[in-house]
Amino acid sequence: MKSITFKLLALTVLIFAISCKKKTPPPEPAPVKPEPAATQIEEPIKPQVEETTEPEDLDKIDLSHIKMDDVYFDFDQATLRDDARATLNRHAEILKANPKVNVLIEGHCDERGTEDYNLALGERRAERVRSYLQSLGIGSERMRTISYGESQPKAMGSDESAWSQNRRAHFVLSLR
Amino acid sequence: MRFLLVFALFAVGTVLLGQGVTLDTIGNRAKEKIAIPDFELKERSGVLNDAWSTINEVLKADLNYSGFLDILPPERVALVRSPHVGVNFEEWASIDAKLLVVGSIRMQDGQMVVEAHLYEVTSKQLILAKAYRGRPDLARKTAHVIADDIMTYLRNVQFANSKIIFSTEKATDAKRSRMNISELVMMDYDGFNAIPLTEGGVSMSPHAVRVGKETKLAYTVFENPNSFKASYGIYLKPTLLDRPRKLYGDLNKRATAPAISPDGNKIAFSIADQGNVDVYVMKLDGTDLVRITRHPAVDTNPSWAPGGKTLLFTSDRVGSPQIYAVDADGLNERRITYENPYNDSAVWNPHYDFIAYVSRFDNNFDIFVMDLRTGKNLRLTANQGSNEEPTWSPDGEHLCFTSNRTGSWQLYMVLRNGENLTQITRSGNNRNPVWVP
């Protein structure tokens, strides 16, 4: 009788410690449930993870975690600068590591020049980037290009610091 | 013009002006002094008073914009007795008037009747007399018709009833992380009576020609902006009342920079195919696509010479944009501009062998006119922001262009000798003007 009361008391203290600040701990041993429940949860999780094979796993890729920086161009030029090539080399590794990710390459220009000429210039910039990535082994079926010309500046303002930010190729990712 | 019924028409005398319009693009042209006393208001009523003041104002503005007439100021005109009691040519000659317009306005059978008489003071002759009947609320239009009749008689030119189609941007996002809405608008050449031609979406680069009574309009639409399926292509309205139909362009062959041929049968435009932009021509029904340029560089912004046998376009094949000409069959390509490293937006004058184009200086663009026979260039703008996208008036005497000199893109017009610069629009951001008869 004594030992039972002791055990009950010990359990209550334990539960009290676990369940942390339950104001009126009921004297009955109902709160015993949490402990087995905890072990029950751990066991079924593993098989579930193994069951969800690759396709579902890939759906969980959060594209916002893949960061592909813009690459920049000189005024009225579509040639890839050294810094652009270095950035694109990293992009190629990212795309190789994520074979189910497709990329839209957007060509942009600064505000100087006519809209139609800048649309054409943006096309050339996007295409240069696309062909460079292709030369690094990225399949052409994974890439699309578009030009926005001067219509979507990244930086507002009419000076070189804004313009140099706006002469760029931007990358938009999507899952196949 | 159906609502304006010309019911009397007679012309007396001879035209002394108008012989051999000088093609000299540089320097001032001699102007004829013209007196335009206020028209006689034969009866008073609210609507008629409004129409009267509108006609007085608009007629003077139109004739002033013509560039070959010098409107005598009201204080000079006030020195002479009213012409409505009788025209005394000696008195008009005494204030140096070479021409005199005398008009009147009255109501008849519920309609406004405007009479206009044009006198040549030096020969003391009535050289043009016409009467116009219409609704009083069409006073502005009536004044434009009178102005066009006078200009046609004096110089065989007219522009007062012409329209300007342009794109106007509506900011949807101050930071422009998404593409702004851009709609097409048509207005009178002087900025009045603006009406929308498209609604919502991103429409730009309009080009239009007038064939008979119909205006054919082609323009670029940016489709699915800010998405993986972003693209752009060319749409056509066979008449302004028709629904637009897609003429060319898909995800992989995007198209822009439309230019309809002067006869309205063909369209030149550029196609971006795997990053290479070239000029193409096809029939306006979408058949017979012909590639005009074959160069890995950018070739775009085509425009037609008045006869439809030659195209101008911009190419950066020498490393920076320059203007080239090519026969409409793709042969006989030749370079037109050499003087500055960055030239674009060439448009051929509808009557003369002049082209207008833009040239870059530092970070701004200015409007130039080149006489193709002599190669001489005239700079029309300088040190006033960026000035782009010139378009010729139907009479070939004026240019409309867009400038950001006030901090936003607004439309301006100017005589081809650089005089009479006038701001036409004042709000929003307005670009891509095209001037149609």
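Of the 176 residues in chain A, 40% count as buried, where buried means under 20% relative accessible area, exposed means over 50%, and partly exposed is in between, with a 1.4 Å probe and protein chains only. For chain B, with 437 residues, the buried share is 55%.

Some conventions. This is a predicted model, in which local features need pLDDT of at least 70, side-chain atom pairs count only at pLDDT 80 or more, and totals for chains, interfaces and linings use all residues. Residues are numbered from 1 along each chain as its sequence is written, chains are lettered from A and ligands numbered from 1 in the order in which they are written, and side-chain values use heavy atoms, with hydrogens and water left out.

Confidence next. I use pLDDT, the predictor's confidence in each residue, from 0 to 100. Chain A averages 79, and 66% of its residues score at least 70. Chain B averages 91, with 92% of the residues at 70 or above.

A contact means heavy atoms within 4.5 Å.

In chain B, the pLDDT is below 50 over residues 1-27, yet this stretch has 66 contacts in the model beyond near neighbours in sequence. Where pLDDT is low, the predicted coordinates should not be read in detail.

Now the secondary structure. Chain A has six helices and four strands, in the order α-α-α-β-α-β-α-β-α-β along the sequence. Chain B has four helices and 31 strands. Taking contacts with a separation of 6 or more, residues 24 or more positions apart account for 73% in chain A and for 44% in chain B.

On to packing in chain B. A nonpolar core is a set of buried Ala, Val, Leu, Ile, Met, Phe, Trp, Tyr and Cys residues joined through side-chain atoms within 4.5 Å. The largest one has 45 residues, and those touching the most other members are Ile34(B), Phe39(B), Leu59(B), Leu63(B), Leu118(B), Ile150(B) and Ile164(B). Helix 4 of chain B, residues 139-155, gives the largest share, eight residues. At least three residues come from each of domain 1 (5-155) and domain 2 (163-436) of chain B, with bounds taken from an automatic or database domain assignment. Apart from this core lies another, of 33 residues, including Val202(B), Val277(B), Val347(B) and Leu399(B).

How do the helices pack? Two packed helices are described by the angle between their axes and the distance between the axes. For helix 1 (residues 46-65) and helix 4 of chain B, the angle is about 35° and the axes are 8 Å apart. Axes are lines fitted to C-alpha atoms, for helices over the stretch in contact, and angles run from 0 to 180 degrees between N-to-C directions. The contact includes Leu59(B) and Leu63(B) from helix 1 of chain B, and Ile150(B) and Met151(B) from helix 4 of chain B.

Leu236(B) sits in strand 13 of chain B, residues 231-237, and is buried at 1% relative accessibility. Beyond neighbours within four places in sequence, its contacts include Leu217(B), Arg243(B), Ile260(B) and Leu284(B). Pro206(B) is 30 residues from Leu236(B) in sequence and 9.7 Å away, C-alpha to C-alpha.

Asn301(B) has a phi near 55°, a positive value in a residue other than glycine. Is Asn301(B) buried or exposed? Asn301(B) is buried, with a relative accessible area of 12%, and lies in strand 19 of chain B, residues 299-304.

Asn383(B) also has a positive phi of about 55° without being a glycine. Asn383(B) is in the loop between strand 26 (377-379) and strand 27 (387-392) of chain B and counts as exposed at 73% relative accessibility. Asn383(B) and Asp366(B) are 17 residues apart in sequence and 8.5 Å apart in space, C-alpha to C-alpha.

Note on methods. Helix = DSSP H or I, 4+ residues; strand = E, 2+ residues; numbered from the N terminus.
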